[in-house]
Amino acid sequence: MSTFFSILKRAGASNLLLVTFLIPVSAILLGVGFLGETLLIQHIAGMGVIGVGLAVIDGRLLTAR
């Protein structure tokens, strides 16, 4: 069984697909780091929104309380 399917079995489809929200963050950070692009306040705000969204969707933050 491949690694992807073993992770899918353990974490579930919803948690596995949360990784796709990290693609824009990675693209921005790689662009800034390697291509010399400018990091704008909108980028930082967007990464914050993505981070909060991931935390809410994941649910561990709410169950910890």
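I began with Leu-30, which is partly exposed because its relative accessibility is 48% (buried is under 20% relative accessible area, exposed over 50%, partly exposed in between; 1.4 Å probe, protein chains only). The model is predicted: local features need pLDDT of at least 70, side-chain atom pairs count only at pLDDT 80 or more, and totals for chains, interfaces and linings use all residues. Residues are numbered from 1 along each chain as its sequence is written, and side-chain values use heavy atoms, with hydrogens and water left out.

**Helix H3.** I placed Leu-30 in helix H3, residues 22–35 (helices are DSSP runs of H or I, at least four residues, numbered from the N terminus).

**Helix H4.** I checked the length of H4, residues 41–58. Its 18 residues should span 26 Å at 1.5 Å a residue, and the end C-alpha atoms are 26 Å apart, so the two agree (expected span is 1.5 Å times one less than the number of residues). Next comes Gly-59, with a positive phi near 90 degrees.

**Ile-57.** I found Ile-57 in H4. Ile-57 is partly exposed, at 49% relative accessible area. Leaving out residues up to four places away in sequence, Ile-57 touches Leu-18 and Phe-21 (contact means heavy atoms within 4.5 Å). I also looked up Ser-14: 43 residues from Ile-57 in sequence, 8.8 Å away C-alpha to C-alpha.

**Aromatics.** I counted 1 aromatic pair (ring centres of Phe, Tyr or Trp, its six-membered ring, within 6.5 Å; planes under 30 degrees apart are stacked, over 60 edge-to-face, the rest tilted). The Phe-4 and Phe-5 ring centres are 5.3 Å apart with planes at 80 degrees, so the pair is edge-to-face. Phe-4 is partly exposed at 47%. Phe-5 is partly exposed at 48%.

Note on methods
Helices (H or I, at least four residues) and strands (E, at least two) are DSSP runs, numbered from the N terminus.
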